[in-house]
Structure formats: structure tokens, C-alpha cells
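Hi,

Here is the structure I promised to pass on to you. Have a look around first, and then read my notes below.

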Amino acid sequence: GLSNPFRGLLKLGSLERRGAMGIWKEFCCELSPLELRLFLDHEDRICVESYSLLRCESLALTHSDGRFELVFLGKKLYLRAPSRDEAEDWLDRIREALQKCRPQVEEEEEWETLEYPEDDGEGQPIQSDSAALLQYSDVPGNSFDWTPAHEPELDAIKEAVLYMDVDKTWVPFIFSLSLETLKCFKVRNNDKILSNSYGIETIQDILPDTSLGGPAFFKVITSKAVLKLQAENAEEAALWRDLVREVLMSYLEGAEEALTLGGSLDGHSQVILKNIVKENSFLLQYLVAIPVEKGLDSQSFICAGCSRQIGFSFAKPKLCAFSGLYYCDSCHRDDETVIPSRLIHNWDLTKRGVCRQALKFLTQIRNQPLIDLKLVNESLYDHVERMGRIRRSREQLKLLGDYLIMCRSGALKELSKRLDHRHYLLECPHKYSVADLRQIADGVFETFLQSLLQFASHHVYNCDLCTQRGFICQICNSSDIIFPFEFDTTTR
């Protein structure tokens, strides 16, 4: 009569996953009939990633030591099992799940035109949803003009005519795909006129939609609209889908790499960050990379926050110094803050105007140690005297923390109160949060570190337990006790 906690699971076990920086990290993995889920902690059930098997494109064993890879819509997931046999078992179970959730069609589907009676017995045409769909079932290529008569955009990866559903009517547009945007142009008086522009960060998915009339139809799902499109033929539609996915994956990997530069996070921080990223994922890339202004035309003269028209005779555009995008006066209230990327790379401590969205994002992540200066720009320590002193203090604090962590006197609790939830200061000398960077710019962070060093060193010098963990010089054998955090007088 007890419930089975493993009901529906095809396999459960531990696997290592390779991150963007090539570091392997262990996860608890669950394979269900439709999903592969990765957990940081099996007991706390902290799910950090899930992959739908419906989107799995390929899987293969890559090495005899148990390494294998899965490909989901162009994004590779590198995994490692404890042994080759275990890896092969995972792959077998995943193949079984794929066959059940996504049976392979051996023959190409044949499309037939359904014929409806001209009237329903009362002499009136049928006006049902099914009948409405018949408007879309024109044979592509016969009644539409697919020849673009204009030069493609300079940054275009692909540019072609696509027909878009506008109020149940197929209207021709020229679509241009670049690494940053999907632009939509109208043709008027033999000129290309920008009708709309969708940033790659706003595209959520691109899917075939045969319900519109055949394999040449597909839809692009963005954060603001769903675009129903028709290509010249099935091959052209498949090419568009592949290219948009590749560009989207390239963007997501860039954002993930920018985040990875911040260093590894504990499980709690990852969950918090994951919730924030859902809302403002495109802002992560600007945390450690200086933004480049792209101009109002790249946004189609539309506010990046609320889609309001800006520029020329419309609302005055305001530049966000954090993202390099333009906003209207409702989304940008001239709030000023230090820009993390400019401080890290240029030692620019100037406060600049940012939009409300960026300010909210920076406030949400302000206490998370996302920026690892050793990975992002280690040369800052050498070029800026203040940062050199801060690194020295951080290294001393880490060594002092090793003493207090081992001490049974309870001094660590008192230090934790003074740290104000910044326990990462005792773990890695190169990790910084947005709050740390703001305090560095204000000139108070160095004073804060000195107060921590004074408290911790005073305890070590006066604690019987900690002094017994000191050292004697191995060269002169003097009776003076020396400690590794005494940089002025000792060398390790």
C-alpha cells in the first residue's frame, strides 16, 4: 500500500557533466519517459536543468572511459559515467525512451486536400475552423512570388521572402536573419521598409506547424508575439528553422559563457540565479562584457522594455549604460549606478544611467559572487594599486579563515556576523559580487576588509588552540611562532 517513489523513472544515478570551461561537475540524474533531469543534491531535490527527450537529436558514446554526449536542438550535453558499461546502459535507456515518446516515421507523410461540400444544406458556406485552415493550403510556389528584388542586409546570414499570417491572410515580407536580430521588411514603392525587428534574445523557440497546411509552414515564438510563416517549400522551411536554432544556441552559449566566467556557484545560488535568468536572461552577457551600442534602427525605433515607439517625433530615447539598449522615459528613470563591466575592464568608477530593468537585475544579483576576477581580467590587480591591496587582503583573510574554521572557540560565528553573509570571502580571494564592486568604487570595501583582518588576526594571536597551529621557521629554527598570513615577515 506504500507509494513507489521511483514510479515512472527509467534510470537513476550519478553522472558528471562538463561545463563551458571544461570543468567536470557531479550531478544526480533522473531519466523519465519524457525528460532527463539533473539535480545538485538528491536529498534536497534541487533541479538545476531538465532536457526534453522530444528535442533530442542524437546520442553517442565518445570515449571508453564512460564519456558520452547528447545533442538537444544543436546544443551538446557532455556527460561522463563511472564506467563504459554504465554509459552504454544510460544510452540504451535513453534510446528506449526516445522510441516510445517519439516513434520514427518510416515513410514520408502524404498531404491530401480535404474536400468540403459547398454548402451545409441551407445554401450557406461552411465557416468552421477547419474551413478557415483551408485558406492556408495553397500549394507553395504556385500562387506566391518568392523572388526578392533587393540587396540583402550586410550582416545577414540568410535573407529571403517569407509569407506571414496577418489576420488570416498571407502577406509577403522579406525576413533577414543576423547573429543579433531577425528583421522583417515590407516592400513599398520598390524600397525595403523595416516593419519589425526581433532581438535573438527574445526568440523562445522555432517549430514546424503542419496544421497550417503542410511541411513548408513553421512558426517563430518570441516573447511578444507568435509569427506564423510560410516558406517556398519544405526544404527552405527546414533551413530557416536550423539557422534560427543555430543563432539562438550561439547566443545562449555566449550568455552561459559570460555567466560561467563568474565562477561556480553553490546549489542555493544556482536556484536563485536560475529564477532571475528566466526573466532577464539577456542581461547576463553584460555583467562582465562591456556593451556595444547598436543604434535605434537595430531596435526598429521601439523601446527595448515596453515596445513603445521612440526616436524622432516619438518619445525621446534614453541609453542604458549597462546593456547599450535604448528605452523610453517610462522604462528609464535616469537611475545611476556603477557599471560592473566598465569597472572590471577599464577601472571606470563613474556612475551611469541605467534602465529600471537593469537596475532591478543588478539589485537581485547584488550579493551573488558571480564575478571571478582571475578569469575575467586578472591584470587589473597589476594596473590598479587599490585592487592589488584588496587582493592581498583577500588572500590574508582566506588564510585566517582556515584557522577560524578549525577553531572550537566559536570565533567563526562572530566573524560570520561581521561578514554580512559574504562567506565566499573565506573561500576564494578572486570572487566578487556587484555589491563588492560598488563598495570598491565608493572606497569602503578596503576598510571593511581591514576590520575583518584585525578581528581574525587578534583572535589567532590570543587563542591557545590557534597558536598551536602556528609554525617554526625551517631555516633559522627561531622559537618565534610564525603564520602564513603574515605576508610582511614570512614567506611560504
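One thing before we start: this is a predicted model. Let's begin with a pair of strands. Strand β1 (residues 11–18) and strand β2 (residues 24–31) run antiparallel and are joined by eight bridges.

Now zoom out a bit. β1 and β2 belong to an open sheet of seven strands, with the order β4-β3-β2-β1-β7-β6-β5 and antiparallel pairing. At its edges you'll find β4 (47–52) and β5 (56–61), each of which pairs on one side only. From one strand to the next, the twist averages 30°. There is also a helix to look for: α1 (residues 84–101) packs on this sheet and touches β1, β2, β3 (35–39), β5 and β6 (67–72). The direction of α1 makes about 155° with that of β5.

Next, a residue in β8. K158 sits in that strand, which covers residues 158–166. Is K158 buried or exposed? K158 counts as buried because its relative accessible area is 13%, below the 20% cut-off. Its side chain makes a polar contact of 2.9 Å with the side chain of E236. Leaving aside residues up to four places away in sequence, K158 touches F175, S176, L177, E236, L239, W240 and L243.

Last, two residues to look at in the loops. K168 is in the loop between β8 and β9, and its phi is near 65°, a positive value in a residue other than glycine. K168 is partly exposed, with a relative accessible area of 44%. D334 is in the loop between β16 (326–327) and β17 (335–338). D334 also isn't a glycine, yet has a positive phi of about 65°. With 48% relative accessibility, D334 counts as partly exposed.

Enjoy exploring!

Technical notes
Residues numbered from 1 in each chain as written. Predicted model: local features only at pLDDT ≥ 70, side-chain atom pairs only at ≥ 80, totals over all residues. Heavy atoms only, no water. Pairing = 2+ DSSP bridges. Helix = DSSP H or I, 4+ residues; strand = E, 2+ residues; numbered from the N terminus. Axes fitted to C-alpha atoms, helices over the stretch in contact; angles between N-to-C directions. Contact = heavy atoms within 4.5 Å. Buried < 20%, exposed > 50% of the residue type's maximum accessible area, 1.4 Å probe, protein only. Polar contact = N/O pair within 3.5 Å; in protein donor to acceptor, adjacent residues only side chain to side chain.
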